[in-house]
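Below are some notes on the ligand site, for discussion.

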Amino acid sequence: MLDTNKPYVICHMLGSVDGRIKQDIWGFKDHHKYFEETAEKIEADAWLVGRVTMQEFSSKETYSLEGDNDSIPKEDFVAEQEAKTYAVVIDPSGKCFWDTNMVSTEHVIEALTEQVPSGYLAHLRSKNVSYIFGGKEELDLDLVLRKLYSLFGMKTVRIDGGGHVNGSFLKAGLIDEFSLVLAPVADGTIGSPTVFEAEEGYENRKATQFKIKSVDRIYDDFLWIRYLVVKEQETGR
Ligand SMILES: NC(=O)c1ccc[n+]([C@@H]2O[C@H](COP(=O)([O-])OP(=O)(O)OC[C@H]3O[C@@H](n4cnc5c(N)ncnc54)[C@H](OP(=O)(O)O)[C@@H]3O)[C@@H](O)[C@H]2O)c1
């Protein structure tokens with residue numbers, strides 16, 4: 001049953017046939033369009049990425065943190081701003097710096113742990129970047145989603161990678177749909193991130209099963225496959 005206190009989560013990725021996601025050696029002229037033009041067709045209140053992926057969009061400057069800011073409480077901060085759509089980053093120790101509180105037309109929200117120094121909160125406040133706490137030492141991704149719903153009214157969140165953030169949400173059972181743009185390329189790079197990087201080893205964890213929602217052939221040789229996640233109680237193939 002749909003949980004109405006947290007957003008519906010759609011993970012969207014461009015992957016090679018061997019599931020890899022770094023595109024540097026794929027040789028496509030306009031590789032951004034395959035991801036972005038399909039992403040734009042998925043209605044969502046926010047896109048959410050991992051810290052590594054967000055560092056492609058955040059400041060290239062290194063800001064020095066003011067040490068003496070213990071007066072800033074470790075409480076969620078919802079900035080006053082006009083945007084209605086959001087760019088969320090899973091950044092447990094506060095490694096992204098910001099020159100502005102926007103990426104394109106989206107307002108930035110940092111999902112942090114309480115391990116971040118107060119000086120980092122001062123940096124975010126100085127740029128009017130919103131932030132939420134998802135745990136003391138580790139992030140509780142379910143709590144992060146619930147706060148995105150309760151504080152920002154998000155009904156649908158699109159998770160745009162990379163592999164580690166996707167894997168974390170998958171392992172926590174928090175993905176409802178997976179949208180894969182399958183590129184006609186075999187990458188083969190051992191150790192390069194894949195669509196889902198959940199954990200080392202085979203252990204006792206069960207793989208996540210999907211049902212096909214739709215399949216479209218796009219850009220001649222690409223496939224856009226949309227899957228619904230089979231929740232645990234529904235499996236039984
Ligand atoms: N093909 C595509 O569609 C696509 C889409 C997006 C990105 N990419 C590519 O993917 C690559 C980056 O992927 P990636 O897997 O290396 O990195 P990522 O998922 O973007 O970021 C990983 C980082 O996010 C934080 N994080 C993620 N899950 C967490 C959790 N549960 N708890 C705490 N922190 C968590 C950690 O930050 P800390 O290290 O700070 O703790 C972790 O190192 C880039 O090359 C990018 O270009 C491709």
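Which helix gives the most to the shell around the ligand?

1. α5 gives the most, with 4 residues. At least two shell residues each come from β1 (8-15), α2 (51-54) and α5 (163-171). Helices (H or I, at least four residues) and strands (E, at least two) are DSSP runs, numbered from the N terminus.

2. This is a predicted model: local features need pLDDT of at least 70, side-chain atom pairs count only at pLDDT 80 or more, and totals for chains, interfaces and linings use all residues. Residues are numbered from 1 along each chain as its sequence is written, and side-chain values use heavy atoms, with hydrogens and water left out.

3. The ligand is surrounded by 23 residues, where near means a heavy atom within 4 Å. The closest are Leu 14, Arg 51, Thr 53, Glu 56 and His 164. By class the shell holds 10 nonpolar, 8 polar and 5 charged residues; Ala, Val, Leu, Ile, Met, Phe, Trp, Tyr, Cys and Pro count as nonpolar, Asp, Glu, Lys and Arg as charged, and the others, Gly among them, as polar.

4. Domain 1 (1-45 + 156-237) and domain 2 (47-154) each supply at least three residues of the shell. The bounds come from an automatic or database domain assignment.

5. Polar contacts here are pairs of N or O atoms within 3.5 Å. Oxygen atoms of the ligand lie 2.7 Å from a side-chain N or O atom of Arg 51, 2.6 Å from a polar side-chain atom of Thr 53 and 2.9 Å from a polar backbone atom of Val 165. Of the 930 Å² that the ligand exposes when taken alone, the protein buries 80% (Shrake-Rupley method, 1.4 Å probe).

Conventions:
Polar contact = N/O pair within 3.5 Å; in protein donor to acceptor, adjacent residues only side chain to side chain.
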